[in-house]
Amino acid sequence: MDLLPKLGMPQFPFRTRASDRLEIWDRCRKRWIKLTPEEWVRQHWIWYLIESLGYPESWFAIEQRVKKVGFKHRTDIVVGHPAILLVECKAPSVAITQQTADQAFKYNLTVQAPALGLSNGFQHLFFSRDPVTGQWKQTENFPPYHSLRTH
């Protein structure tokens, strides 16, 4: 893992292995995944949302294929069914730009999550949709799971 950058996120006890390629264990998909720079960011977010924010691991859909008229795509991370948040991950070398945001919002036309995040592991942008007006606003972070639960 020395070849991968230390991201601007907490460190977690990832399991990696090297065979003909470097791989990381994906705790949600329950299998070894090729460890690309984008996957490195995605795995950090999976662990952060579960370990730091308390989201249930069983709620995660990783690289789920979604079809909409005119385009097909894979969402990086969707949490909940119905979805409560979507995270679009980029490699650390990819800047988070308006084009990145447009891509995430386009994906969310199908997913319809009320919270959306964009990250390259260093730069993180968060958005939430006002339930009354439907307008998006930038927020500080995703809310912890316990703050979403109703009793």
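Student: Why is Phe14 called buried?

Tutor: In this predicted model, Phe14 has a relative accessible area of 11%. Buried means under 20%, so Phe14 counts as buried.

Student: How do you know that Trp47 is buried or exposed?

Tutor: Trp47 has a relative accessibility of 13%. The limit for buried is under 20%, so Trp47 is buried.

Student: What makes the pair of Phe14 and Trp47 edge-to-face?

Tutor: The ring centres of Phe14 and Trp47 are 5.8 Å apart, with the planes at 70 degrees. Rings pair if their centres lie within 6.5 Å, and planes over 60 degrees apart count as edge-to-face. The pair is therefore edge-to-face. Phe14 lies in the segment before strand 1 and Trp47 in helix 1, 33 residues apart, so the pair links distant parts of the chain.

Student: A search of the whole structure finds 13 aromatic pairs. Why is the one between Phe12 and Trp47 called tilted?

Tutor: Phe12 and Trp47 are 5.8 Å centre to centre, with 35 degrees between the planes. Under 30 degrees would count as stacked and over 60 as edge-to-face, while the rest are tilted. An angle of 35 degrees belongs to the rest, so the pair is tilted.

Student: What does the pair of Phe12 and Trp47 tie together?

Tutor: Phe12 belongs to the segment before strand 1 (16-18) and Trp47 to helix 1 (residues 37-52), so parts 35 residues apart in sequence are tied together. Phe12 is also buried, because its relative accessibility is 14% and the limit is under 20%.

Student: Which residues do ring pairs link into a cluster?

Tutor: The cluster consists of Phe12, Phe14, Trp40 and Trp47.

Student: How do you know that Arg27 lies over the face of Trp47?

Tutor: Arg27 is at 4.3 Å from the ring centre of Trp47. The distance limit is within 6 Å, and the charge must also be within 35 degrees of the ring normal. Arg27 is listed as lying over the face of Trp47. The charged end of Arg15 likewise sits over a ring, that of Trp25, at 5.1 Å from its centre.

Student: What makes up the lining of the largest pocket?

Tutor: Its lining residues divide into 8 nonpolar, 4 polar and no charged. Gly counts as polar and Pro as nonpolar; Gly80 and Pro82 are among the lining residues. Strand 4 gives the most, with 3 residues. The volume of this pocket is about 200 Å³.

Technical notes: Residues numbered from 1 in each chain as written. Predicted model: local features only at pLDDT ≥ 70, side-chain atom pairs only at ≥ 80, totals over all residues. Heavy atoms only, no water. 1 Å grid on protein atoms, 1.4 Å probe; cavity = no way out; pocket = protein on both sides within 12 Å on 5 of 7 lines; lining within 4 Å. Points joined across faces, edges and corners; volume = space filled by probe spheres on them. Helix = DSSP H or I, 4+ residues; strand = E, 2+ residues; numbered from the N terminus. Phe/Tyr/Trp six-rings, centres within 6.5 Å; stacked < 30°, edge-to-face > 60°. Buried < 20%, exposed > 50% of the residue type's maximum accessible area, 1.4 Å probe, protein only.
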